[in-house]
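Me: Hi! Could you walk me through this structure before I set anything up?
Reply: Happy to, here it is.

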Amino acid sequence: MSLMVCATVIQVGESWLEERDNKTFTDIYQFLTNQTAECISKCSSIPYGSEDVCQATDTTEPCDTPVTISILKDDKEPSHILLRIESMENSVTANSKRIKTLNQKFKEREKNTKENFAKAQEETERKFAEKYEKINEEFHAASSFMLNLKKQTESLSQQISERAITDSQQEEKERNIFVEFDEMKAEISRTTEELTHLRSLNEKLSNKVIGNEKRICDLCISFENETLLKSELSSAQNTVKIDKEMEGKCNDQLKDIEDKPHSANAFTLDMQSMTCQVQELQKNFCLTTQKIDPLKQDVSDISTVVTKLKASLDSLVNEQGKKLSDYEDKVYGQFVQMSQEIKDLHQHVGFYVDVDSKKTMNLRATRNLTCFDHELFNEGKHFNLRTGIFVVPCSGLYLCSLILEIDQDNDIEFNIHVKPKFEKETIKGITHLKNKDTIASVAFPIDLNKEDKMYIRPIKDCFNLNISHTSYFACVLIKKFFRVETLHK
């Protein structure tokens, strides 16, 4: 039975050394101690010749692989027992050496295990630290991205709210402009009616002036006739004077020819006839003079009224004509602008440019990014490939998109700037590139006014930067805004 115990111990030890057994060193040590004590106890009980020694109470653990050793039933002599004891002592000695070897190997294995464990723990801690740092960087990047996204979302929400308010105001202004346009049409109609009335009044006044001019012509003819009458009257006066002289001469001659009564009577009759004619002429002259004086006054009054009326009419016609011209210019200008705005509503506005091939560029923070040299879409040529500037053709809501890719490790940030016509530039979009083969993208809606300028600039100087051909820049009009205030400039 002792040989069976020794064989069991050897087999268990070899199995443990070959790592076929999952028992720990403490378990093996306890197992060896118990088996040694049992073997010594059984060996001390052999001289008493009990055959049932092998069947004594066994307090050791059962062996995984039983070992069978045949024991002769006739093995009761002392010589055989001594041989067996000697054999057992040799076995114990050999097992002790093997146990020492096992202990030494165990210590070496334990030392190697501790070293490997320390190395593995150190490597694990290092990998864990690297992983933690990487996760921490990713977390910070995600936090920054979420913060930026939150800002963009808030900005977009604010822009949408402002856009809704602006749209409502825009609709109200559009309704007001149409109402104002209707009022202007009504006012133009009234002005046209007034002008028509003034033209008819002008025609009446012109007819009246023509009639007055005819009367003036008649008066002039009458005045000429009066002048003729005056000349005739003067001739008549001269004739009267001559007649008086002749009468004096005749009186003298009457004295001389008193002896000739018949001739004197005939001459007297002639003189009386001429005197009657002169008196009739004087009477006609007085009547003509009385008629001409009121006509002169009427002509003077009519001339004054006609002059004032003509001046007033000219002033009124000029004023109404100027007012009508201003209204026509204003209405025509508004009509042209409204027609242009309506025409612009149906136009496709925007651009889409990319990098034709990979480029190596030296970038400055104060200069625009001009790597985009291939047009996929550029309606109206509002994006200049040489300067990298997009000049907004009409006011509205635009959708902008930018994608940049580099094939080298370089921490750089690009900003999208917008420069209004009479204001300072502002940053509307941000992209950040850090590692090789990374892609930075940004897309956002933006409210732009006519003649605004949009361009891209790096935040710092960068030299020998390789920009991939997958980079592109695009902007397209989503909704056109009808700016009513532009009509009042």
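**The core and its surroundings**

Reply: The largest nonpolar core has 36 residues, and those with the most contacts inside it are Leu 369, Phe 372, Tyr 398, Phe 414 and Phe 473. A nonpolar core here is a set of buried Ala, Val, Leu, Ile, Met, Phe, Trp, Tyr and Cys residues joined through side-chain atoms within 4.5 Å. Buried means under 20% relative accessible area, exposed over 50%, and partly exposed in between, with a 1.4 Å probe and protein chains only.

Me: Which elements give two or more residues to this core?
Reply: They are β1 (350-354), β2 (359-363), β6 (396-406), β7 (412-419), β9 (438-448), β10 (453-458), β11 (462-467) and β12 (472-480). Strands (E, at least two residues) and helices (H or I, at least four) are DSSP runs, numbered from the N terminus.

Me: Is this predicted or experimental, and what's counted?
Reply: This is a predicted model: local features need pLDDT of at least 70, side-chain atom pairs count only at pLDDT 80 or more, and totals for chains, interfaces and linings use all residues. Residues are numbered from 1 along each chain as its sequence is written, and side-chain values use heavy atoms, with hydrogens and water left out.

Me: OK, what does Leu 369 touch?
Reply: Not counting residues up to four places away in sequence, Leu 369 touches Leu 363, Gly 388, Leu 404, Phe 414, Ile 456 and Ile 467. Contact means heavy atoms within 4.5 Å.

Me: New topic: how many disulfides does the structure hold?
Reply: The structure holds 0 disulfides, a disulfide being a pair of cysteine sulfur atoms within 2.5 Å.

Me: Is Val 305 buried or exposed?
Reply: Val 305 is exposed, with a relative accessible area of 52%, and lies in helix α4 (residues 261-345).

Me: Last one: what's the strand order in the open sheet?
Reply: The open sheet of 5 strands runs β4-β5-β10-β7-β8, with antiparallel pairing. Two strands pair if DSSP finds at least two bridges between them. The edge strands are β4 (383-384) and β8 (426-433), each pairing on one side only.
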